[in-house]
Amino acid sequence: MIGQPKLNGSNVTIFTNRKEIHIMNRHNDRLTNFKIDKEEIFSILDFDNWVAIKGEYLNKNGLDENKKEFNHKLVLFDILVLDSTYLLGKTFSERINIVYDKFGKKECEKDYLYKISDNIFSVKTYDKDFLNLYNEFTKVDLLEGLVLKRSNAKLEPGLREDNNSKSQVKSRKQSKNYKF
């Protein structure tokens with residue numbers, strides 16, 4: 001298993017070829033109130049062919065570990081299409097390594113993120129100590145918990161919303177939206 005922090009925002013898929021950009025929410029509708037300039041996205045997604053990348057758009061006024069607002073930021077956590085090639089059959093481990101290879105692992109002030117640009121980050125992945133990570137992450141307002149993903153889970157066709165859900169478990173802290 002690989003663990004990634006679960007950030008409290010809106011799940012997005014960004015499709016772009018540096019000419020067009022489509023930013024879709026988890027219901028496959030256009031995400032409204034997206035405030036990152038497309039030129040900043042184009043500057044990091046510098047591919048001439050289509051790319052589809054998954055992320056969390058932080059738009060819920062969450063507070064970081066320093067009790068400061070960390071809003072209107074994009075955090076990448078997976079890639080689905082690279083250079084117009086649908087990455088079907090690639091494992092999650094292979095896909096997250098593509099993200100790190102393309103965007104680097106530049107440390108930033110957030111221990112759980114890598115910085116790509118002023119408003120775009122990628123999430124760190126962890127391969128052990130999940131209980132302690134969960135306990136630390138859930139102290140931060142901005143973080144909802146921990147998502148555990150099978151590292152060898154292969155990408156399935158995105159025909160249904162739950163296609164790839166069998167290979168992951170989301171562990172969330174209790175909130176007004178989630179009670180246990």
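On a 1 Å grid over the protein atoms alone, a pocket is an open set of points where a 1.4 Å probe fits, with protein on both sides within 12 Å along at least five of seven lines, and its lining residues have an atom within 4 Å of a point. A volume here is the space filled by probe spheres set on the points, which are joined across faces, edges and corners.

This is a predicted model, where local features need pLDDT of at least 70 and side-chain atom pairs pLDDT 80 or more, while totals for chains, interfaces and linings use all residues. Residues are numbered from 1 along each chain, and side-chain values use heavy atoms, with hydrogens and water left out.

**The second largest pocket**
- Its volume comes to about 170 Å³.
- The lining includes Glu65, Glu109, Asp111, Tyr112 and Lys139.
- By class, that lining splits into six nonpolar residues (Ala, Val, Leu, Ile, Met, Phe, Trp, Tyr, Cys or Pro), five charged (Asp, Glu, Lys or Arg) and no polar ones.
- Helix H3, residues 130-137, gives the most to the lining, with three residues.

**Fold**
- The protein chain has three helices and ten strands, taken as DSSP runs (H or I, at least four residues; E, at least two).
- Along the sequence, the pattern goes β-β-β-α-β-β-β-α-β-β-α-β-β.
- The radius of gyration over C-alpha atoms is 16 Å, close to the 16 Å from the globule rule (2.2 Å times the number of residues to the power 0.38) for 180 residues, so the chain is as compact as a globular protein of that length.

**Burial**
- Buried residues (under 20% relative accessible area, 1.4 Å probe, protein chains only) make up 49% of the 180.

Key:
Buried < 20%, exposed > 50% of the residue type's maximum accessible area, 1.4 Å probe, protein only.
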